[in-house]
Amino acid sequence: MNKKFLKKIIAHSSEDLKLISACCCEGKVKISEIKYLPKNKIFLLYVDRLVKEENNKDRVNSIIKFEYIYSSKSKNINQKNVDLTIELISIELFKKDQNYEITLLFSNNGLITLTAEIIDVVLEDQKNIYDEGTKL
């Protein structure tokens with residue numbers, strides 16, 4: 001029997017974050033599904049991504065959760081167009097003074113920069129998109 005399992009990848013280093021970036025590149029993100037919760041210091045990104053770690057044909061809905069985020073800045077992303085879907089190209093990490101800057105690079109030069117004290121990122125698959133016939 002061919003069972004499929006949902007994945008959960010936890011990143012606490014730059015190498016771990018590169019793995020999450022590789023899994024999510026070419027992932028589709030709706031503007032309405034990007035959330036920053038400043039009181040909780042959490043940034044959430046809902047991604048419709050290809051299952052690159054297996055066959056690169058199936059799609060799965062995933063959530064990337066960034067914790068200990070002190071600020072979030074965006075550039076070239078129209079946040080008022082909530083129906084807009086953009087493509088995640090990569091997730092990069094930079095060390096700046098005592099903090100980390102996590103940069104999410106999107107299609108059309110869209111950019112989100114997160115400032116964090118530590119690296120604490122989780123990629124968690126939610127469901128196979130074709131289970132319910134939904135697509136982004």
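**Reading the aromatic contacts**

Y36, F43 and F66 form one aromatic cluster.

Me: What should I keep in mind about the model itself?

Reply: It's a predicted model, where local features need pLDDT of at least 70, side-chain atom pairs count only at pLDDT 80 or more, and totals for chains, interfaces and linings use all residues. Numbering starts from 1 along each chain as its sequence is written, and side-chain values use heavy atoms, with hydrogens and water left out.

Me: How many aromatic pairs does the structure hold?

Reply: Rings of Phe, Tyr and Trp (its six-membered ring) pair if their centres lie within 6.5 Å; planes under 30 degrees apart are stacked, over 60 edge-to-face, and the rest tilted. Here there are 2 aromatic pairs. Y36 and F43 make a tilted one, at 6.3 Å centre to centre with 40° between the planes. F43 and F66 are edge-to-face, at 6.0 Å and 65°.

Me: Where do F43 and F66 sit in the chain?

Reply: Strands are DSSP runs (E, at least two residues), numbered from the N terminus. F43 is in strand 4 (residues 42-50) and F66 in strand 5 (residues 59-67), so the pair links distant parts of the chain, 23 residues apart.

Me: Is F66 buried or exposed?

Reply: Buried means under 20% relative accessible area, exposed over 50%, partly exposed in between (1.4 Å probe, protein chains only). F66 is buried at 0%, F43 is buried at 2%, and Y36 is partly exposed at 27%.

Definitions and conventions:
Helix = DSSP H or I, 4+ residues; strand = E, 2+ residues; numbered from the N terminus.
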